[in-house]
Amino acid sequence: MTVDTRERHPTGEMLPHVLEMRRISKQFPGVRALDNVTLHVRRGHIHALLGENGAGKSTLMKILDGVYPAGTFGGEIILAGIPIELHSPHDAQRKGIGYVPQEINVLQGLTVAENIFVGHWVDRGFLVTFRDLFARASQFLKQINIDLDPHRLVSSLNASERQLVMIARAMSTRPSVLILDESTACLTQDEADNLFRILRLLQQQGVTSLFITHKLSEVFELADRATVMRDGAVVAHFDRNQLNENDIVSAMIGRKIENFYPSRDSTVGHEEVLRVENLTVCRIDGLTNSLAAKACPAVAPFHCLVRAGRSTRGDGGAANRPRLERDIDLDGRVAATVEDLAGMNICDGGHGAPDAASRQGCLIL
Ligand SMILES: Nc1ncnc2c1ncn2[C@@H]1O[C@H](COP(=O)(O)OP(=O)(O)O)[C@@H](O)[C@H]1O
Ligand SMILES: [Mg+2]
């Protein structure tokens, strides 16, 4: 059975949607993560999915990737006009869906090449040789302009390099719909720019991309359309010519932008609770700052991705990491590692840093 998923374009032309998610609902114990969500995505579009943390974006994408299989959610998925049931990520992959999850998900003990082609080590019934695997990986990485040595062990890569491995893995299956869940959060500007170039190239080949980001500049740069979610529901759609920051942020937070910072009867304390010295932040060396009690971290100059890797590419080894034990001092206690900071709820994911990403060497202050 096929379903008419076309939409009338302003020119009067009827354009098909490559993907429709209809009336999707998903319940976790005690949480209604998605409530009757409907999403239309047009073929060849770069479609941004926006919303505050907890809005339901990743859950929706995990349904589309078969992570939450058919039967564990309500609603239907229609791909290229055909209703589909997905039972696993492998199933989704076979149907042309590529997913780069928010959580870093790599096989540490294997090489870059093995990680990219994981699950595809057999060719016409024969195990591919390592030589073939590395040659294929090398050629593919060159094609997508990702500068990584296929022989390197993934355990020696820093967070952005691991993210690049996951992106390459999703692209290697040549998906018709590519999902990127906060993939640029750990990337440098150059790496993100390269990713955008690739997305535009894929777009010219008819590939549809769904990307989740907290960076509105990326939405303005790339998106043909944006959908905003809040509290498990879709609250707004914007076509490219309607994109504007005030409306997007108002939709995300559910109130007018003038009320973004509601008046509160609070005072900012003077007692220092966090000191950061000589930390490498987004490849800027030597950042130093401190926060007073109740000060909003968002206004601190280091409201930015903090990388626990070295500032120079390729030096991801532990020996080269900044000495956090002397650099970050939280509330009088000494934080020895990034994990300690996570334990102190500094990088608990609440400000856009996924838990796993913080464990893998990123945190957001
Ligand atoms: N595996 C899970 N178990 C229980 N609750 C979950 C799970 N995954 C997500 N949630 C909850 O569902 C809601 C939506 O989460 P999520 O889809 O991760 O949002 P977003 O990606 O927009 O930040 C949140 O309230 C989150 O806490
Ligand atoms: Mg998410």
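A nonpolar core, as the term is used here, is a set of buried Ala, Val, Leu, Ile, Met, Phe, Trp, Tyr and Cys residues joined through C-beta atoms within 7 Å. Buried means that 20 or more other C-beta atoms lie within 10 Å of a residue's own, with C-beta atoms placed from the backbone. This is a predicted model, where local features need pLDDT of at least 70, side-chain atom pairs count only at pLDDT 80 or more, and totals for chains, interfaces and linings use all residues. Residues are numbered from 1 along each chain as its sequence is written, while chains are lettered from A and ligands numbered from 1 in the order in which they are written.

Let's start inside. The largest nonpolar core has 72 residues, and the members touching the most others are L64, V165 and I179. Helix α5 (residues 159-172) is its top contributor, with eight residues; helices (H or I, at least four residues) and strands (E, at least two) are DSSP runs, numbered from the N terminus. At least three core residues come from each of domain 1 (7-106 + 176-253) and domain 2 (107-156), bounds that come from an automatic or database domain assignment.

Now for the sheet. Six strands form an open sheet with mixed pairing, in the order β8-β11-β12-β5-β13-β14; two strands pair if DSSP finds at least two bridges between them. β8 (97-100) and β14 (233-239) are the edge strands, each with a single partner, so one side of each has no neighbour in the sheet. Strand β13 (residues 225-230) pairs with β14 in the antiparallel sense over six bridges, and M229 has V234 in β14 as its bridge partner.

Two helices lie across these strands. Helix α8 (residues 245-253) lies across β5, β13 and β14, at about 30° to β13. Axes are lines fitted to C-alpha atoms, for helices over the stretch in contact (C-beta atoms, placed from the backbone, within 7 Å), and angles run from 0 to 180 degrees between N-to-C directions.

Finally, the ligand. Around ligand 1 sit F28, V31, A33, G51, N53, G54, A55, G56, K57, S58 and T59, each with its C-beta atom, placed from the backbone, within 6 Å of it. The largest share of this shell, three residues, comes from α1. Eight of the eight residues of α1 are buried, so this helix is largely enclosed by the rest of the structure. Just after α1, G66 takes a positive phi of about 75°.

How values were computed. A residue is buried if 20 or more other C-beta atoms lie within 10 Å of its own, exposed if 12 or fewer, and partly exposed in between; C-beta atoms are placed from the backbone.
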